[in-house]
Amino acid sequence: TPTQPRAATHPLAIAPVPSPPSSVDGFVKQFLLNLNFDRGVALSESSVTDQYFALAYTVRDYLMARWLEDQKRQRDTQAKGVCYLSAEYLLGRQLDNNLLASRLTDVASEAMAQCGIDIEALRAEEVEPGLGNGGLGRLAACFIDSLATMSVPNIGYGIRYEYGIFRQTFVDGQQVEQPDAWLTYGNPWEFPHPEAAQTIWFGGYTETYDDGGVTRSRWIPGWSVVAVPYNYMVPGYHNGRVNTLRLWSAGATSSFDLREFNSGDYQEAVRAQVFAENISKVLYPEDSTPQGKELRLQQQYFFCAASIRDFLDNVLPEGFDLERLPERVIFQLNDTHPVIAVPEFMRILVDERGMEWDAAWALTQQCFAYTCHTLLPEALEVWSVDLLGRLLPRHLEIIYRINEEFLLEVREKFGDDEMRIRNMSIISEFPQRSVRMAYLATVAGAKVNGVAELHSQLLRDKVLPDFSEFYPDKFTNVTNGVTPRRFIRLANPALADLITEALGAGWTVDLERLRGLEAHAEDPEFRARFAEVKAANKRRLSEVLWHRDRFEVSDGHLLDVMVKRLHEYKRQMLKLLHIVTLYERVASGRVAASDLTPRTFIFGAKAAPGYDMAKRIIHLINSVGSVVNADPVLEGRLKVLFPPNYNVTLAERVIPAADLSEQISLAGKEASGTGNMKFALNGALTIGTDDGANVEIRELVGDDNFFLFGQTEPEVEALWARGYRPAEFYRENDDLRRAMDLIASGAFSGGDRSVFEPIMSNLLYDDRFMVLADYASYIDAQERVDAAYQDQDAWTRSAILNVARCGFFSSDRSMRDYIDRIWHTPPAPA
Ligand code: Z57
């Protein structure tokens, strides 16, 4: 229950804060007010940090009236909304996004100029909130942007990690992780509400008791922490809407502190504090490889329990009839990370609200939906019964009961097929008894979706075949998308202006309008201007990389980019073997350097700190880079750049400059990819496999505008079935053998043959992701790239067609699909 009265009234219930469009004078005044009254400094004495904070506060002030109105409207109309449950939100910087959304970009620049401040310096002050690992977290950020822009009521729920994704540095070419202390100077974009903290309980035991003749179970928990909400504005683009992102931070309960303190055990009180704060201390840096750590399950339950209680107690009106919940809310589960919300929801309905099990279960099956983001078996979360039972004993009981009743239904439909029963059980018995969270989510969810057509198909056919047979209507697809606000308007203003000039302004919220560019692709003058935008973006990237890492990008080079998490299935090694092949051909004198198409290769990739092979591959990329970049023969021909700490901010500079987008995962492994969409929308051509959303990109842009290579998923399956022996590919392909031999010889490790030996022997004798099998096809496709790049004008035409035909990949479209197929949430009235 809220501690504050809810309905205090006054004619000025929402203060008359400024609202745009606004004058530069008004903005300056508000900025100086914030600088003086919130930062406590005079303009003449202020630091860049002070100025950045005051600017951020000023932007906030302009959004505030709308935010308050939207919260009130949501309370008044009680429209159905989406509670997006996600352990990660990879937001990127907020200042520019919020300026753009509120139409204040120009006003703010002018106002800062009048104060003698360079707004660029303030932009550079912002530390991006890196509260996610990669695609999954960035997708959540794109989705909440789209929902706000489409006026769909939404609360994003997640965790306010004190340390986000680690900062990557290289020492002698090897990854070294630094903590991401993003909150050191404070965070102007958040609104903490410690007074609205929730208590979240863990541990203890369950006991049965007699409830008027019915035996029930109850949970006697053992310890607790508090969850403090921090609210963030999520402004829609030019529509005056502002949704909320609510991230939870963990702290010690005051009772806990006091008890220890009063007993004189100050040390113990502080220990409890430290223990509690630990829960939201740091983001787990594994992308797609869960470690099964207890703290991780604590994080998951912590934010799910706080979010569900927040929605039921604070968002719903008092006395709300729970039977009508499906009219008010859908909880969307972003992967399995928040699936513990399902038994928590059941526990609240049954144990706390006294609802009958069957009624509660019927509601649960309408109020949850599950998005699966992977096909990798090792990425499907499983919690040992041991651990789960220790941390959440009542939830384990609830899961057992859900499973029992589910398996009864399975028996009814399929008969006593014990093999099938074992395969479908939410509880697996080997190698240890554990809970399969994806199965629990599938049973509980109203819908289950994959994130690209191919992925959803494989999900049905390969990952959850028994479930899709059992629940034929549950499975659906929603192909991912990206927000055109951040990834075109903000990241590529020159292209945005060119598009607006050609098509008018509406495309930012109606991306299919990019189709209109098809006609312009045939106009030589338009092509020249498009090419000039690309060249300017390369120069801008070159400046950023020079400033950041002292790297240079030469004019006229084909910019070949592979940026994404380092994972073996994504095959950075395949890209690297291509580079080593080019190098080796020149070094051995078989090819003249002058015959190479000048290329700059850019890598960006973080490796999970415990992922040895990934870290070794990073070391190899850097080592090859050092040798290639230092070779005078290759000067002006080949450059390999690996800027450390790839993040959203760097992505926004790299993607608009790219000519070639590397999307080269083994077919059947990348669920969707979203970088692939960002590149195509910014006029890069893709070299890619038939995997994830690449399939849909190629269908849309056409074979002439996409460099396809590699085995298809069925071909991969067939090769596994025949027996894959990578060493045969090594023996039979001269280029491949020479490239691998060169690495093995120590040519990139100062003669040391041991450093990269584990990579080479893994490729030769294991190669789970068939790098060697796809090598020849990849090299061939890269030769087609070189040839195509010779005709700059034709290349530019293809690039324009990529932009024109990729409007489908707006996250606005993804949101429409979720609304139509899963959520059934109407947009809030104006
Ligand atoms: C993650 O970033 C993704 C899947 C996961 O299971 C985890 Br854990 C983290 C990615 C997929 O690898 C991408 O293919 C996909 O585009 C992205 O999620 C968004 O759906």
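Colleague: Two strands count as a pair if DSSP finds at least two bridges between them; on that basis, what order do the strands have in the open sheet of three?

Modeller: In this model, which is predicted, the open sheet of three strands runs S15-S17-S16, and its pairing is antiparallel. Strand S15 (382-384) and S16 stand at the edges with a single partner strand each, so one side of each has no neighbour in the sheet.

Colleague: How many bridges hold S15 and S17 in their antiparallel pairing?

Modeller: Three bridges connect S15 with S17, and within that pairing Ser384 has Ser434 in S17 as its bridge partner. Helix H16 (residues 437-444) packs on this sheet, where it touches S15 and S17, and its direction makes about 50 degrees with that of S17.

Colleague: Where is Pro431 placed, and is its peptide bond from Phe430 cis or trans?

Modeller: Pro431 sits in the loop between strand S16 (427-428) and strand S17 (434-436), and the peptide bond leading from Phe430 to Pro431 is cis, with omega near -5 degrees. Most peptide bonds are trans, and most residues other than glycine have a negative phi. Gln78 is not a glycine, yet has a positive phi of about 55 degrees, and Gln78 is found in the loop between helix H2 (48-77) and strand S1 (81-85).

Colleague: Changing topic, what is the strand order in the open sheet of six?

Modeller: That open sheet has the order S22-S21-S20-S23-S24-S25 and parallel pairing. Its edges are strand S22 (638-641) and strand S25 (706-708), each with a single partner strand, so one side of each is left without a neighbour in the sheet. From one strand to the next the twist averages 20 degrees.

Colleague: And how many bridges join S20 to S23?

Modeller: Strand S20 (residues 558-563) and strand S23 (residues 660-663) run parallel and are joined by two bridges, with Val561 having Ser661 in S23 as its bridge partner. Helix H27 (residues 694-701) lies across S23, strand S24 (685-688) and S25, and runs at about 130 degrees to S25.

Colleague: Which domains is the chain divided into?

Modeller: The division gives domain 1 (1-68 + 102-124), domain 2 (78-93 + 128-319 + 326-479 + 817-823) and domain 3 (557-791 + 802-809).

Colleague: Why does the ligand lie between domain 2 and domain 3?

Modeller: Both domains give residues to the shell around the ligand, so the ligand lies between them. There are 19 residues around the ligand, of which Gly135, Leu136, His373, Thr374 and Ser672 come nearest, and the shell divides into five nonpolar, 11 polar and three charged residues.

Colleague: Last one: at what angle do the axes of H6 and H34 cross?

Modeller: The axes of helix H6 (residues 135-149) and helix H34 (residues 811-823) cross at roughly 75 degrees and come within 9 Å, which makes H6 roughly perpendicular to H34. Where they meet, H6 contributes Cys142, Phe143, Asp145, Ser146, Leu147 and Thr149, while H34 contributes Ser811, Asp812, Ser814 and Met815; this contact has four nonpolar, four polar and two charged residues.

How values were computed:
Residues numbered from 1 in each chain as written. Predicted model: local features only at pLDDT ≥ 70, side-chain atom pairs only at ≥ 80, totals over all residues. Near = placed C-beta within 6 Å. Nonpolar A, V, L, I, M, F, W, Y, C, P; charged D, E, K, R; others polar. Domains from an automatic or database assignment. Axes fitted to C-alpha atoms, helices over the stretch in contact; angles between N-to-C directions. Helix = DSSP H or I, 4+ residues; strand = E, 2+ residues; numbered from the N terminus. Parallel < 35°, antiparallel > 145°, perpendicular 65-115°, else oblique. Contact = placed C-beta atoms within 7 Å. Pairing = 2+ DSSP bridges.
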